[in-house]
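Me: Hi! Could you walk me through this one while I have it open?

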Protein chains: 4
Amino acid sequence: MKHAMKVLDAGAKGVYLITVTPFTDGGALDLASTDRMVDFCLEKGVTGLTVLGIMGEAPKLTAEESRTYVKQVLARVAGRVPVVVGVSSPGFAPMKELAESVMALGASGVMVAPPGTVRTDDQIAAYFDMVNETLGPQVPWALQDHPVATGVQMTAPVILRILKNSPTCVMLKHEDCPGLAKLSAIRAASDKGDLGAGRRVSILCGNGGGLFLPEELSRGADGAMTGFAYPEMMVDVCRAHAAGQVERAHDLFDAYLPLARYEQQQGIGLAVRKHLLAERGVIASSAVRKPGPKLSAADVADLQRLVARQTRRLAELG
Amino acid sequence: MKHAMKVLDAGAKGVYLITVTPFTDGGALDLASTDRMVDFCLEKGVTGLTVLGIMGEAPKLTAEESRTYVKQVLARVAGRVPVVVGVSSPGFAPMKELAESVMALGASGVMVAPPGTVRTDDQIAAYFDMVNETLGPQVPWALQDHPVATGVQMTAPVILRILKNSPTCVMLKHEDCPGLAKLSAIRAASDKGDLGAGRRVSILCGNGGGLFLPEELSRGADGAMTGFAYPEMMVDVCRAHAAGQVERAHDLFDAYLPLARYEQQQGIGLAVRKHLLAERGVIASSAVRKPGPKLSAADVADLQRLVARQTRRLAELG
Amino acid sequence: MKHAMKVLDAGAKGVYLITVTPFTDGGALDLASTDRMVDFCLEKGVTGLTVLGIMGEAPKLTAEESRTYVKQVLARVAGRVPVVVGVSSPGFAPMKELAESVMALGASGVMVAPPGTVRTDDQIAAYFDMVNETLGPQVPWALQDHPVATGVQMTAPVILRILKNSPTCVMLKHEDCPGLAKLSAIRAASDKGDLGAGRRVSILCGNGGGLFLPEELSRGADGAMTGFAYPEMMVDVCRAHAAGQVERAHDLFDAYLPLARYEQQQGIGLAVRKHLLAERGVIASSAVRKPGPKLSAADVADLQRLVARQTRRLAELG
Amino acid sequence: MKHAMKVLDAGAKGVYLITVTPFTDGGALDLASTDRMVDFCLEKGVTGLTVLGIMGEAPKLTAEESRTYVKQVLARVAGRVPVVVGVSSPGFAPMKELAESVMALGASGVMVAPPGTVRTDDQIAAYFDMVNETLGPQVPWALQDHPVATGVQMTAPVILRILKNSPTCVMLKHEDCPGLAKLSAIRAASDKGDLGAGRRVSILCGNGGGLFLPEELSRGADGAMTGFAYPEMMVDVCRAHAAGQVERAHDLFDAYLPLARYEQQQGIGLAVRKHLLAERGVIASSAVRKPGPKLSAADVADLQRLVARQTRRLAELG
């Protein structure tokens with residue numbers, strides 16, 4: 001049975017967690033772990049899920065596996081929170097095919113990052129005109145600004161130009177670094193009505209994997225879209241901040257920061273995240289598909305120490 | 001009916017043409033033009049075909065379109081020459097799926113380039129160990145060395161290391177630039193028996209789109225694997241060279257060089273090639289899928305002049 | 001004695017040759033060869049010289065050597081043609097110091113390329129505002145657009161924006177590839193008066209080392225700024241084209257193209273150029289400073305064949 | 001008077017601080033602030049200084065300014081700790097000139113990073129053979145491994161190969177990320193005697209600007225070489241760790257981590273550092289030379305909050 005889906009809209013806030021894709025030790029999709037992971041995220045208070053992103057090992061899945069995984073997530077979520085699906089692609093035909101297929105399965109919207117081949121302001125803007133043409137007038141989408149991964153630098157004016165040209169773009173996934181000035185500029189333009197009367201854009205942040213979350217919330221971000229083995233960090237920081245408890249938000253953030261920093265090391269971060277999720281009992285295996293990193297005994301020892309310290313510090317904070 | 005396929009082997013020589021993927025003006029696959037293109041290539045004397053490469057707009061096709069196109073090409077070729085299919089992929093599961101699928105359809109072998117994420121010698125060698133594991137012991141494959149597109153620099157010693165570790169790698173598609181020294185080194189090692197007793201590797205070149213073909217043949221290349229709207233250039237140059245007519249090979253090459261240089265401009269080269277193929281009556285439409293280049297009136301005028309001059313010069317040469 | 005210098009202005013046309021820096025076999029500056037090289041260029045008909053560019057091994061010279069070399073060139077030129085000096089630098093203090101120093105020595109103008117750290121349209125435009133501030137109102141300068149070397153993509157609108165903001169920028173060194181569309185756009189804007197009443201910009205081309213010269217002249221380029229061991233090629237092509245003999249210009253160009261293509265291989269091109277200049281008796285040694293390429297016996301044999309064929313073909317053309 | 005200089009050797013440990021270059025508001029070198037900064041660093045317990053690095057705005061200084069600044073630092077240090085000078089350069093002649101000049105002024109050693117043009121293992125190793133030839137047998141040097149800045153990936157085996165070929169290379173500045181596995185491998189090889197009987201290498205870390213210091217010390221690093229407006233953090237963490245107080249080292253590190261993370265944002269980090277040093281009274285002006293970042297009022301407010309929180313947390317820790 002397909003559940004009434006939630007449509008992604010510009011009012012989105014809180015934490016859209018970027019999920020891992022659980023595999024068995026042998027490397028097959030692990031659907032039981034997928035269900036447990038969905039339950040875990042919802043229990044921790046996430047307000048949305050994002051699947052088939054880079055940290056979801058999307059490019060390592062076959063087309064059939066991608067569909068199976070998305071179906072399983074959507075069935076387990078059962079309409080309780082919106083689910084966004086990454087559809088970035090070097091070609092518009094595959095993007096269209098994937099977007100139509102996941103929307104038909106019940107996704108709430110899609111997310112698109114520019115390919116590394118667009119460089120200048122005009123090329124970037126023209127690319128997203130083609131994205132709008134590809135997705136059509138019915139599919140809400142999120143614009144992913146992630147220069148470290150894409151190599152594409154989009155200034156605040158260019159992002160505003162894209163937003164103005166894109167009636168169905170309801171969200172910015174902001175992960176430029178340094179990015180606070182850009183975030184302030186886009187939030188101010190959205191607040192001033194530059195996007196059109198009554199139009200706003202949801203801004204969810206993922207800069208450095210959430211490593212600037214308290215500052216981003218102070219600059220007007222609506223929440224976070226990123227991954228971390230402790231999604232309750234982002235949830236609790238967002239809640240404290242929304243309640244006006246800014247110092248409390250920082251206290252919580254700081255308690256998790258040493259581990260978050262360790263998990264955000266490019267190249268082994270995904271292995272760290274899956275190891276921690278397996279330790280927490282969320283997924284059965286920490287397996288990452290090849291080519292991918294493995295943790296050493298020394299890495300595992302580092303994590304044990306950091307988790308123990310984090311647990312202690314959170315207990316102190318109460 | 002499936003024809004007895006030719007298996008790709010280390011004796012491959014001559015011209016393996018990298019085909020374009022013909023579309024209608026509306027952007028749909030054009031299977032009638034596909035058939036005409038296959039006939040045209042075989043009439044001009046190519047000894048193999050390579051499909052789903054970058055210049056074949058492979059990333060812009062849906063999975064279903066890719067299969068349809070490969071099937072059509074294989075059916076039309078009907079076993080007369082080997083057909084190689086590009087299967088480079090950011091993940092091994094999709095690579096395995098595509099390789100198995102095209103081999104089942106009757107392909108002769110596959111081609112793999114490294115992803116931009118591998119950088120050091122050890123990473124490169126380890127990557128191709130995983131490629132061997134993925135393709136298994138039955139699928140002959142070609143190693144694509146194309147740093148301009150991949151960003152991966154593979155030295156001659158690294159390529160030899162890969163070849164030694166890869167019993168089923170039968171061909172090097174050489175397109176590093178400058179690349180003549182590397183080509184000499186690999187050919188010498190292959191001739192000396194460094195790859196193992198009785199083992200050689202076929203080396204087909206594509207440096208700059210064939211812009212160094214006569215020199216490459218003198219260094220021991222077995223032929224060319226690249227695209228050009230006038231495949232007879234490569235065929236005739238290879239034949240003259242093989243017949244010991246080196247100056248004649250240069251004469252022919254030089255006659256085509258002004259146009260080949262123009263077609264090899266990165267970014268608009270594919271539009272040039274499709275324009276010329278449409279002018280020659282091979283394909284019905286010069287359409288390139290978005291995002292892609294378009295020719296201006298001035299570009300078309302340049303091509304008219306260059307084709308007219310080429311025709312004159314070839315007549316002079318007789 | 002300092003000669004009356006020629007000031008670089010927007011009327012510049014013909015061939016501004018990018019010179020090599022001659023060394024002795026031992027690697028020291030070779031000032032006698034420097035003099036011979038200047039004489040050679042002027043005899044062949046170049047209308048300007050450009051020194052301290054990338055192909056001049058500028059970064060491998062000490063500050064003292066740079067000054068010595070520039071002085072020697074200026075003394076030998078003795079005001080007969082303008083001399084442009086490359087002053088691109090990661091910092092504005094060193095750029096200012098070098099520009100003031102070479103202008104004081106008698107240079108005609110300077111040339112600036114953007115650093116790889118500027119990426120967006122606004123960053124590029126802001127960078128050249130600072131260049132104007134650095135160079136002041138007296139120093140005429142050329143804007144170098146060379147994405148392959150700098151990684152910076154400047155669209156035609158951005159270049160026009162820079163030109164409008166830069167009263168002392170009198171020249172565009174155009175070497176984007178593909179670049180013909182950009183060249184047409186900038187020439188059209190300059191002709192229409194978009195740069196201001198009565199203002200034009202000189203456009204000299206170097207795309208691929210002059211590999212598109214006839215087409216560039218047809219699009220309105222004023223000439224070439226690049227290097228080649230046979231500067232008479234560029235001079236004669238420009239003269240024929242200016243005289244309305246477009247087919248003759250192509251004939252000449254085509255005769256040199258096989259060798260020019262060989263010399264333009266990135267990485268060994270400079271070694272090829274110095275080898276040919278030494279063979280022609282212009283410089284005493286073909287030495288390139290480390291780290292730098294060396295030619296093999298096979299490379300030298302390739303060059304012998306290509307030069308012999310070029311000589312024959314030129315004789316045929318008369 | 002020139003003081004007896006300390007020679008850089010493989011026994012180096014503790015904190016080699018990468019200094020900023022203080023300017024006046026008008027952008028001139030500020031030598032009084034330079035003296036105060038040296039005093040500040042030594043009071044805080046650094047065991048060495050590194051000047052003319054990237055964060056020292058070295059490329060924005062004229063040659064004369066560089067000499068003036070190095071002289072001033074050396075005079076003020078007066079032989080109390082070793083001073084290392086960055087001499088990375090695109091050419092060996094300028095590298096030799098700068099290295100000889102600073103050693104003559106009393107520097108303790110130099111530091112070299114590879115240029116972005118070397119890519120393969122063999123190219124990297126060959127490059128450092130030329131560095132050894134350039135520096136000669138008397139100048140101790142540090143190898144800088146900083147892929148984010150250079151684009152050059154040096155594996156542990158390649159670094160060991162360089163160390164074996166370089167009798168005068170006494171130190172590795174380790175700042176690859178993720179880098180803990182590489183650090184473990186190199187320390188193990190050094191301990192096992194792989195570098196030669198009785199030979200070791202000092203390893204100072206700067207990964208992410210010291211963001212992994214406690215873990216690096218546990219893997220056998222000898223200390224840190226990086227910059228931070230609170231050098232006492234690195235000093236105290238190293239001391240606690242050396243005293244076996246690992247949890248204490250983590251406690252101290254964690255207290256500074258939120259601010260360190262903020263200061264390590266690429267692009268505005270230097271402006272943050274100079275702002276904090278000016279606030280602490282170390283330097284008179286926070287001016288960064290163009291092209292460079294500026295802080296907004298919101299950035300300054302972020303810093304005020306982070307410094308206040310850091311002060312509170314350090315007081316809690318005692």
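Me: Where does Ser66(C) sit?
Reply: Ser66(C) is in helix α2 of chain C, which covers residues 63-77. Keep in mind that this is a predicted model.

Me: Buried or exposed, that Ser66(C)?
Reply: Ser66(C) is buried, because its relative accessibility is 12% and the cut-off for buried is under 20%.

Me: And what is Ser66(C) in contact with, leaving aside neighbours within four places in sequence?
Reply: With those neighbours left aside, Ser66(C) is in contact with Leu52(C) and Leu61(C).

Me: Let's hop to chain A. What is the place of Leu52(A)?
Reply: Leu52(A) lies in a loop of chain A, between β2 (48-51) and α2 (63-77).

Me: Why does Leu52(A) count as buried?
Reply: Leu52(A) has a relative accessible area of 8%, and buried means under 20%, so Leu52(A) counts as buried.

Me: Which residues is Leu52(A) in contact with, again leaving aside neighbours within four places?
Reply: The contacts of Leu52(A) are Ala58(A), Leu61(A), Ser66(A), Tyr69(A), Val70(A), Val85(A) and Gly86(A).

Me: How far apart are the C-alpha atoms of Leu52(A) and Thr21(A)?
Reply: They are separated by 8.1 Å, and the two residues are 31 residues apart along the chain.

Me: OK, strands now. Which way do the residues of β8 in chain C point?
Reply: In β8 (residues 223-226), Gly223(C) and Met225(C) point one way, and Ala224(C) and Thr226(C) point the other way. All of these residues are buried.

Me: How do β1 and β8(C) run, parallel or antiparallel?
Reply: Strand β1 (residues 14-18) of chain C and β8(C) run parallel, joined by 4 bridges. Within that pairing, Leu17(C) has Thr226(C) as its bridge partner.

Me: How many bridges join β7 to β8(C)?
Reply: There are 2 bridges between β7 (residues 202-205) of chain C and β8(C), and these strands run parallel as well. Here Leu204(C) stands opposite Gly223(C).

Me: Switching to helices: which residues of α6 in chain D are buried?
Reply: Helix α6 of chain D spans residues 156-165, and its buried residues are Ala156(D), Val158(D), Ile159(D), Leu160(D), Ile162(D) and Leu163(D).

Me: What do the buried residues of α6(D) pack against?
Reply: They pack against α4, β5 (141-145), β6 (169-174) and α7 (180-192) of chain D.

Me: Now the interfaces. How many residues does the contact take from chain A and from chain D?
Reply: Chain A gives 32 residues and chain D gives 32 residues. The two chains bury about 2,700 Å² between them, with 49% of it on carbon and sulfur atoms.

Me: Which residues of chain A lose the most area to chain D?
Reply: Those are Arg261(A), Arg305(A) and Arg309(A), which together make up 23% of what that side buries.

Me: How many salt bridges are there between chain A and chain D?
Reply: The count is 16 salt bridges. One of the residue pairs is Asp302(D) with Arg219(A), where the closest N and O atoms are 2.8 Å apart. Between chain A and chain D there are also 18 residue pairs in polar contact.

Me: Which element gives the most to the side of chain A that touches chain D?
Reply: That is α10(A), with 10 residues. By class, this side of chain A has 13 nonpolar, 6 polar and 13 charged residues.

Me: What about chain D and chain C, how much area is buried there?
Reply: About 1,400 Å² is buried between chain D and chain C, and carbon and sulfur atoms give 67% of that. In chain D, Thr62(D), Lys290(D) and Pro291(D) lose the most area to chain C, together 31% of what that side buries. The contact takes 18 residues from each of these chains.

Me: And how many salt bridges between chain D and chain C?
Reply: There are 2 salt bridges. Lys290(D) forms one with Glu133(C), the closest N and O atoms being 3.1 Å apart. The count of residue pairs in polar contact between chain D and chain C is 2.

Me: Last one: which helices of chain D each supply at least two residues of the side that touches chain C?
Reply: They are α2 (63-77), α3 (92-105) and α4 (121-135), and α3(D) gives the most, with 4 residues. By class, the side of chain D that touches chain C has 10 nonpolar, 2 polar and 6 charged residues.

Key:
Residues are numbered from 1 along each chain as its sequence is written. Chains are lettered from A and ligands numbered from 1 in the order in which they are written. This is a predicted model: local features need pLDDT of at least 70, side-chain atom pairs count only at pLDDT 80 or more; totals for chains, interfaces and linings use all residues. Side-chain values use heavy atoms; hydrogens and water are left out. Contact means heavy atoms within 4.5 Å. Buried area is the accessible area (1.4 Å probe) that two parts lose on being put together, summed over both. A salt bridge is a side-chain nitrogen of Lys or Arg within 4 Å of a carboxyl oxygen of Asp or Glu. A polar contact is a pair of N or O atoms within 3.5 Å; within protein, one must be able to donate a hydrogen and the other to accept it, and residues adjacent in sequence count only if both atoms are side-chain atoms. Ala, Val, Leu, Ile, Met, Phe, Trp, Tyr, Cys and Pro count as nonpolar, Asp, Glu, Lys and Arg as charged, and the others, Gly among them, as polar. Buried means under 20% relative accessible area, exposed over 50%, partly exposed in between (1.4 Å probe, protein chains only). Two strands pair if DSSP finds at least two bridges between them.
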